Amino acid sequence: MTAETSIDWIGIAGPTASGKTGLALQLATDGPVEIISVDSALVYRDMDIGTAKPTPAELASTPHHLIDILDPLEAYSAAQFVQDAQRLIRDIRARGRVPLLVGGTMLYFKALIDGIDALPAADAEVRAQLDAEAADRGWPAMHAELALVDPLTAARLAPNDAQRIQRALEVFRLTGQPLSAFHTREKSPSAPARHRLLALEPRDRAWLHARIGLRFEQMLAQGFLDEVVRLRARGDLHTGLPSMRCVGYRQAWEALDAGLGGPALRADVQERGAAATRQLAKRQLTWLRGMERTVLSAEAPDEALAAARPMLAEAAAEFTR
């Protein structure tokens with residue numbers, strides 16, 4: 001890689017159901033592309049339907065990375081993603097191909113672009129204490145506590161986002177510093193960005209909500225509930241794990257815990273899962289508004305493709321200089 005390199009990688013970000021996978025696969029037909037997933041759910045094996053994982057045919061059509069790399073018992077952090085993504089970007093470029101980073105986990109994108117300071121390791125004692133407090137007070141009350149010590153982080157988290165509230169409070173109690181302080185490293189003004197971030201954003205929120213509802217209907221028709229039942233049957237998974245806190249899986253697990261079945265189960269998961277996904281999309285869009293990006297209309301995939309093609313051509317041209 002030379003000093004003249006203008007683009008090391010291209011990113012396609014956006015809220016869930018905005019069409020990121022479709023745009024990425026279309027771009028992959030235009031040039032030498034390998035896709036790096038930027039999705040905290042797609043890393044897990046045996047979680048296919050509820051994560052809208054690319055189909056086997058789609059995975060076979062273009063090299064994909066960071067998909068199906070972990071068992072649902074394991075955890076994956078933003079710091080680990082940055083390490084993996086940086087290695088993959090180097091390897092892909094060494095092969096004369098363009099790294100195309102695609103997904104909706106905005107924390108991963110931000111950590112890769114802005115850097116991430118070393119966070120303290122998980123502390124079992126502090127986590128047990130936080131879990132006990134949450135069992136007594138509820139996660140909304142823990143969220144209110146977080147808002148007092150780290151308002152920036154609290155503002156981007158839902159009051160019931162137990163996993164992230166717990167981690168933010170854990171970091172504060174271990175270091176005395178808010179989690180947001182660890183994510184403030186700025187890019188040097190003298191160093192131009194070596195990436196292009198494309199954001200598929202809806203002009204009309206109702207359009208996205210309709211897409212989310214339709215996606216959930218399709219997931220249920222494809223056997224999503226059977227997938228969750230199989231995961232439960234393992235006997236070693238629970239809703240305290242990051243994998244089972246993924247949107248959709250958590251709502252299905254809770255409905256099964258409540259003893260629902262038949263049409264009532266399906267209706268409950270459809271309603272609550274779609275609602276949780278809409279809230280996720282709202283948070284994703286909030287993250288995007290704080291990032292430097294080129295906004296493309298999610299409702300106009302042909303226009304988005306036409307706007308993205310020159311960037312891919314520019315990145316690919318680096319290898320012919």
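Let me start with Val269. Leaving out residues up to four places away in sequence, Val269 touches Phe216, Leu220, Phe224, Leu225, Gln251, Ala252, Ala255 and Ala274, where contact means heavy atoms within 4.5 Å. Please keep in mind that this is a predicted model, in which local features need pLDDT of at least 70 and side-chain atom pairs count only at pLDDT 80 or more, while totals for chains, interfaces and linings use all residues. Residues are numbered from 1 along each chain as its sequence is written, and side-chain values use heavy atoms, with hydrogens and water left out.

Val269 belongs to the largest nonpolar core, which has 56 residues. By nonpolar core I mean a set of buried Ala, Val, Leu, Ile, Met, Phe, Trp, Tyr and Cys residues joined through side-chain atoms within 4.5 Å. Buried stands for under 20% relative accessible area, exposed for over 50%, and partly exposed for what lies in between, with a 1.4 Å probe and protein chains only. The members that touch the most other members are Phe81, Leu101, Phe109, Leu112, Phe224 and Val269. At least two residues of this core come from each of strand 1 (9-13), helix 3 (78-94), helix 4 (106-114), strand 5 (195-201), helix 9 (205-221), helix 10 (224-233), helix 11 (249-257) and helix 12 (262-289). Helices (H or I, at least four residues) and strands (E, at least two) are DSSP runs, numbered from the N terminus. There is also a second, separate core of 24 residues, which includes Leu27, Ile35, Val102 and Ala308.

Gly115 follows helix 4 and has a positive phi, near 90°. Ile116 is placed in the loop between helix 4 and helix 5 (124-137), and is buried at a relative accessible area of 16%.

I turn now to helix packing. Two packed helices are described by the angle between their axes and the distance between the axes. The axes are lines fitted to C-alpha atoms, for helices over the stretch in contact, and the angles run from 0 to 180 degrees between N-to-C directions.

For helix 11 and helix 12, the angle is about 145° and the axes are 9 Å apart. Helix 11 passes helix 12 in a right-handed crossing. A crossing is left-handed if the near helix is turned anticlockwise from the far one by less than a right angle, and right-handed if clockwise. From helix 11, Gln251, Ala252, Glu254, Ala255 and Leu256 meet Leu265, Asp268, Val269, Arg272, Gly273 and Ala276 of helix 12. This contact divides into 6 nonpolar, 2 polar and 3 charged residues. Here Ala, Val, Leu, Ile, Met, Phe, Trp, Tyr, Cys and Pro count as nonpolar, Asp, Glu, Lys and Arg as charged, and the others, Gly among them, as polar.

How do helix 6 and helix 8 pack, and at what angle? Helix 6 (residues 139-149) and helix 8 (residues 162-175) have axes 10 Å apart, at an angle of about 40°. Helix 6 is therefore oblique to helix 8, since angles under 35 degrees count as roughly parallel, over 145 as roughly antiparallel, 65 to 115 as roughly perpendicular and the rest as oblique. The crossing of helix 6 past helix 8 is left-handed. Trp139, Met142, His143, Glu145, Leu146 and Val149 in helix 6 meet Ala162, Ile165, Gln166, Ala168, Leu169, Phe172 and Arg173 in helix 8. By class, 9 residues of that contact are nonpolar, 2 polar and 2 charged.

Finally, some loop residues. Most residues other than glycine have a negative phi, and most peptide bonds are trans. Ala52 has a positive phi, near 55°, and lies in the loop between strand 2 (33-37) and helix 2. Ala52 is partly exposed, at 31% relative accessible area. Leu66 also has a positive phi, near 65°, and sits in the loop between strand 3 and helix 3. Leu66 is buried, at 7% relative accessibility.

Beyond its neighbours within four places in sequence, Thr62 is in contact with Leu25, Ala28, Val33, Glu34 and Ile35.
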